[in-house]
Amino acid sequence: MNITNFTTREDIENFIISNLQKKRSFAIYALKYMGKTYLLNQIYKEIKAKKDTIYIDMSYIFNLEDFYNIFKINIKRIFENKFDDVFDDDLKKIEFIFNLLGKKAENENRDIYIFIDNFEKIEDIQNSKLDLNYIFNNSFINFQNLIFCVTINNSFGIDTFKDFKSPLY
């Protein structure tokens, strides 16, 4: 979906918020320093006032364990629920946390909005380009209550969303 027809940042912001509220995940793609983070933060503040949200800036995530811990902290905050780690493998932990988040959101009929700034940096924290893509794809397919809004500024990030075989398309 191309948003070049909008004349103001507010028009773009309202368009994205409207789509997120319709449970449509969204990727904001632009070159560096074009205002993606600012736009994402504005949208996050608007949604956060009414809905459960998670915000991650991938610039501060250096490995899969960091990524996992951010979600673990937010699950405790949103659902007031503690849980023990059941896996040693980082990817298994992340898959577990997404499944737990999706199932709890579904069971409680709650929407969780997940905002990820600098989504392309996910490539830096995984061994294979497909590791986290698999987990994200499964989340998109299985859990309609998880709504993603991400910023992207390189081809890895945008290619993830351009593959028509991917639920991220």
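Are phenylalanine 71 and phenylalanine 98 buried or exposed? Both are buried, where buried means under 20% relative accessible area, exposed over 50% and partly exposed in between, with a 1.4 Å probe and protein chains only. The model is predicted, so local features need pLDDT of at least 70 and side-chain atom pairs count only at pLDDT 80 or more, while totals for chains, interfaces and linings use all residues. Residues are numbered from 1 along each chain as its sequence is written, and side-chain values use heavy atoms, with hydrogens and water left out.

**View 1. Phenylalanine 67 with phenylalanine 71 in helix H3.** Rings of Phe, Tyr and Trp (its six-membered ring) pair if their centres lie within 6.5 Å, and planes under 30 degrees apart count as stacked, over 60 as edge-to-face and the rest as tilted. This rule gives seven aromatic pairs. In the pair shown, the centres are 5.2 Å apart and the planes stand at 65 degrees, so phenylalanine 67 and phenylalanine 71 are edge-to-face. Because these two are four residues apart in helix H3 (residues 64–79), about one helical turn separates them.

**View 2. Phenylalanine 71 with phenylalanine 98.** With centres 4.8 Å apart and planes at 45 degrees, this pair is tilted. It links distant parts of the chain, 27 residues apart, with phenylalanine 71 in helix H3 and phenylalanine 98 in helix H4 (residues 90–107); helices (H or I, at least four residues) and strands (E, at least two) are DSSP runs, numbered from the N terminus. Ring pairs link Phe67, Phe71, Phe98 and Phe148 into a cluster.
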